[in-house]
Amino acid sequence: MSQVLPATISPELFAQRADAIADAARELAAAGWTPATSSNFSMRLDDDHAAITISGRDKGRLGRDDIMLIDMHGKAVGTSARPSAETELHTQIYRRWPEMNVVLHTHSRTQSVASRLFARDGVVTLAGWELQKAIAGQTTHDSELAIPVFPNTQHMPELVAQVDAWLDSGRPLHAYLINGHGIYTWGRDMAETRRHLEALEFLLGCEMDLRSRSV
Ligand SMILES: [Zn+2]
């Protein structure tokens with residue numbers, strides 16, 4: 001599948017972002033967080049474009065040819081490849097936050113079970129955990145970190161609208177779960193976004209453990 005780049009995007013930049021996505025995907029797949037070709041990953045290239053995983057590829061075996069260019073409305077650019085079905089959720093993040101450059105979405109067992117467990121409340125409220133400080137802007141364990149759980153749907157505009165409604169209400173948002181599905185999180189660079197994803201995986205596991213042991 002050949003990718004034709006607009007003149008404003010250098011082949012070096014695209015290759016560098018594609019490699020960064022493939023490297024992260026390989027490690028997350030090895031952790032078992034991307035079962036059965038699920039999950040999707042993207043990185044911003046400029047104000048108008050992002051690189052994203054092509055739909056249906058094994059996330060443990062991605063190469064440059066498995067990454068494609070999209071515009072900020074989720075449309076393929078310079079390729080006939082099909083982007084991930086959930087591409088609009090990535091471009092929504094880039095459009096709302098010009099400072100965000102990476103979006104990671106995974107389907108780990110912990111994320112999937114937590115999403116079901118906390119769907120009743122529509123939110124997981126994390127409080128008192130030291131690792132909350134791994135999330136950008138969180139400076140103390142002595143605060144509340146709310147991770148909403150949105151109902152799953154195959155109709156992306158509905159999910160986009162739910163995320164918009166949360167943000168438009170003025171509440172902070174660092175990540176969200178989709179019921180029975182997985183997690184989305186983002187950051188300014190790959191290292192920050194990986195840190196968010198790993199911290200949230202750990203915190204969701206701790207929170208479920210704690211609640212199962214509490215009466
Ligand atoms: Zn998904």
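Modeller: Let us begin with contact, which means heavy atoms within 4.5 Å. Helices (H or I, at least four residues) and strands (E, at least two) are DSSP runs, numbered from the N terminus. Axes are lines fitted to C-alpha atoms, for helices over the stretch in contact, and angles run from 0 to 180 degrees between N-to-C directions. In this structure, helix 1 lies across strand 1 (40-44), strand 2 (49-53), strand 3 and strand 4 (102-106), and runs at about 150 degrees to strand 1.

Colleague: What should I know about the model itself?

Modeller: This is a predicted model, in which local features need pLDDT of at least 70 and side-chain atom pairs count only at pLDDT 80 or more, while totals for chains, interfaces and linings use all residues. Residues are numbered from 1 along each chain as its sequence is written, and side-chain values use heavy atoms, with hydrogens and water left out.

Colleague: How many helices and strands does the protein chain have?

Modeller: The protein chain has five helices and eight strands. Along the sequence they follow the pattern α-β-β-β-α-β-α-β-β-α-β-β-α.

Colleague: In what order do the strands of the sheet lie?

Modeller: Two strands pair if DSSP finds at least two bridges between them. Here eight strands form an open sheet in the order 3-2-1-4-8-7-6-5, with mixed pairing. Strand 3 (67-71) and strand 5 (123-127) are the edge strands, each pairing on one side only. From one strand to the next, the twist averages 20 degrees. Strand 6 (residues 144-150) and strand 7 (residues 175-178) run parallel and are joined by two bridges; V149 stands opposite L177 in strand 7.

Colleague: Which strands does helix 4 lie across?

Modeller: Helix 4 (residues 156-168) lies across strand 5, strand 6 and strand 7, at about 155 degrees to strand 6.

Colleague: How is the packing of two helices described?

Modeller: Angles under 35 degrees count as roughly parallel, over 145 as roughly antiparallel, 65 to 115 as roughly perpendicular and the rest as oblique. The axes of helix 2 (residues 87-96) and helix 4 come within 9 Å and cross at roughly 30 degrees, and the two helices are therefore roughly parallel to each other. A crossing is left-handed if the near helix is turned anticlockwise from the far one by less than a right angle, and right-handed if clockwise. Helix 2 passes helix 4 in a right-handed crossing. Helix 2 contributes E88, L89, Q92 and R96 to the contact, and helix 4 contributes M156, P157, L159, V160, V163, D164, L167 and D168.

Colleague: How do the residues of that contact divide by class?

Modeller: Ala, Val, Leu, Ile, Met, Phe, Trp, Tyr, Cys and Pro count as nonpolar, Asp, Glu, Lys and Arg as charged, and the others, Gly among them, as polar. The contact of helix 2 with helix 4 has seven nonpolar, one polar and four charged residues.

Colleague: How does helix 5 pack against its partners?

Modeller: Helix 1 (residues 11-30) and helix 5 (residues 190-213) have axes that come within 12 Å and cross at roughly 20 degrees, which makes helix 1 roughly parallel to helix 5. Their crossing is right-handed. A20, I21, A24, E27 and L28 of helix 1 meet M190, R194 and L197 of helix 5. Helix 3 (residues 109-118) packs with helix 5 at an angle of about 50 degrees, their axes 10 Å apart, and this makes helix 3 oblique to helix 5. Helix 3 passes helix 5 in a left-handed crossing.
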